[in-house]
Amino acid sequence: MASLNLEERWQTKTSSVLERSKLMFNNTLLSDIKFAFPKADSNSMIPAHKYVLATSSPVFFTMFYGDLAETSDTINITDCDSDVFLRFLRFIYCEEANFEDTMCAIDVWHLADKYDVPSLAKECLEYLDGNMDPVDAFDVLTYASQLNNEFLGQSCWEVIDYNAEAIVADESFVDVQHAFLLSFVKRSSARIKELSLFQALDRWATKKCEEASTTVDGEQKRRFLGEEMIRHFRFSLMSPKEFSDEVEPSGVLQANEILDVFKQFSSVSIPGRFKFSTSPRKSSYEVMTLSCDLGNIKNGSFMTPVSRKTGVLTFAVTKDVLLSGVKIVTDKGREYCRVSLAIANGDKQVRRIKDHNFICNYYNSLSSDSYGEIDVVFNRPFALAKNTCYTIKTNTDTTNNLDSGFVYQTNTNKSNNVNPIISFSHFGNCDKNCPEHSAVGGEITKLVFVNDNEPTDLPRWL
C-alpha cells in the first residue's frame, strides 16, 4: 500500500484543489476505503477516499452514501487488475489519462463505463481512435459493439477499410468473428484485391474446420463461411487466371457456379441472374504520395538545438486533400521515440495520437550535427478542406530526461516543394485572420498526403 510522507503544513504549499487531490492519489493519508484484487493481485491494495470518488462518479456516490451504502472498508475488484484500476483512479484524482497500449485503454474504458465517468471514457475513445494499430481494429470493434459505441465503431471500419490488405495478411485475421467478416466482405469501401480477400477467408474457414475436427474440404469451408458471405464475394473482380488457380481448386463453389463466373468473365448471357456481387471495391494499388517539404534538412539548415519537446505548425492547403502523416525532426534520442500529436481546426480537434512509439531514424547534417527524423503515420488519412486553417501540435520524448526539438532555418523557395499544396505555414498558433505567413519553423518538416481514390501501404505501427 502506498503512503506519502508530506511535509508539515503541506496544504499551504499547493495553489489549487487539483494539486491537493494529486497528493492524495494512492495515499493512505485520510484514506477511508481500500480496493483489493483477490483474483489478479492477491497482495495488492489501493487506498482511496470516498469523498473524492463520490464527487467524480454517481456509482461511487450511491455505493458509499446511498440508502444501501457499503459498510466494509475494503472493496474487492474482480474484473481488472490493480494496474488498470490505478490508472482509472489516477484520472479521478489527477485528471491524467495514461495508457500503455490499446488493450489498456479498452480496460480503462470498461471501468469508465461501469462507474459512469464520461470524461474518462472520452479520453479512452480518443486514444483508441488515433492510436489503434490497424491489425487490432477488429478486436477494438468487438468492444465498440459490446458497449454500443457508434463513434469508435465507425473509426474501426475506417481503419479496416483503408488497411484491408495488411489486416487480412496478418495471422490474427483467422480469429475474427464471423459477423464482422460478413460485414467486411459486403463493404465496397474496403481497399483490397478480391483475390487477397478470398485467400484470407479460405484460411479462416480452414481453421474453423480444424477447430471443429471436421474434414477440411470445400463443402465444410462453405458451411462455415455461410451462403450470404459466398454471395457477396466479387469473383468477377478477379482475373480468370486468379479465379481458376485459387477459387476453383478450393472446392467452395459448385460446378454450375464456377461456370457462371466464367460466363461473366466472357460476357456470356447467364440464365436468370448472376448470384454473386459485381459491385466494385476501392482499388488497393499503391500510388506515390504527395508531400510538401517545410524545411531543408539535407543542406545543413539547422540552428542550435533548443531545450523543448513541443512543436506547433499552423498551415492551410490549396485544395481538398487527405493527410496521411507528418515528419518530425528531433535532436537526439533512442531507437524509438514516444510521440503525442494533435491536429485541430480552431477549437475542434480532428485527429489525436497520444504517447505512441515510432521509429526514430538518425542522420548527420553537413554541419556534423546529428538529428533524427520520425515518420508519424496515421492509422488512416483524414480530409483537410482547402483554404481552412489547421494547427498541428507535437510533443516528442526520445529519452527519459533529455528534451528534443529544433528551431531550424527554412528554404522559402516554393520550387523546392514536391507539390504546391500548402498556401501558407507558420511556426506557432495562427491568429484569427489566418494571414499569409511566409516563415516556417518548429519540429515538423514534411506533410504527407494521399490521393483520395488510391491508398498507400502504411508501415506497421510498433
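User: In which loop is the place of Ser-267?
Analyst: In this predicted model, local features need pLDDT of at least 70 and side-chain atom pairs count only at pLDDT 80 or more, while totals for chains, interfaces and linings use all residues. Residues are numbered from 1 along each chain as its sequence is written, and side-chain values use heavy atoms, with hydrogens and water left out. Helices (H or I, at least four residues) and strands (E, at least two) are DSSP runs numbered from the N terminus. On that numbering, Ser-267 lies in the loop between α15 (255–265) and β4 (290–293).

User: What is the phi of Ser-267, a residue that is not a glycine?
Analyst: Most residues other than glycine have a negative phi. Ser-267 counts as exposed at 69% relative accessibility, where exposed means over 50% relative accessible area, buried under 20% and partly exposed in between, with a 1.4 Å probe and protein chains only. Although Ser-267 is not a glycine, its phi is positive, at about 60 degrees.

User: Is Asp-116 buried, partly exposed or exposed?
Analyst: Asp-116 sits in the loop between α5 and α6 (118–131), and its phi is a positive value near 60 degrees in a residue other than glycine. With a relative accessibility of 41%, Asp-116 counts as partly exposed.

User: At what angle do helix α5 and helix α7 pack?
Analyst: Axes are lines fitted to C-alpha atoms, for helices over the stretch in contact, and angles run from 0 to 180 degrees between N-to-C directions. The axes of α5 (residues 102–114) and α7 (residues 137–146) are 11 Å apart. The two helices are roughly parallel to each other, a label for angles under 35 degrees, because they pack at an angle of about 10 degrees.

User: How many nonpolar, polar and charged residues has the contact of α5 with α7?
Analyst: Contact means heavy atoms within 4.5 Å, and here Thr-102, Met-103, Ile-106, Trp-109 and His-110 in α5 meet Val-140, Tyr-143, Ala-144 and Gln-146 in α7. Ala, Val, Leu, Ile, Met, Phe, Trp, Tyr, Cys and Pro count as nonpolar, Asp, Glu, Lys and Arg as charged, and the others, Gly among them, as polar. By class, the contact has six nonpolar, three polar and no charged residues.

User: How many disulfides does the structure hold, and how far from Cys-104 is the nearest cysteine sulfur?
Analyst: A disulfide is a pair of cysteine sulfur atoms within 2.5 Å, and the structure holds zero disulfides. Cys-104 is in no disulfide, and the nearest cysteine sulfur belongs to Cys-124, at a distance of 8.3 Å.

Key
Parallel < 35°, antiparallel > 145°, perpendicular 65-115°, else oblique.
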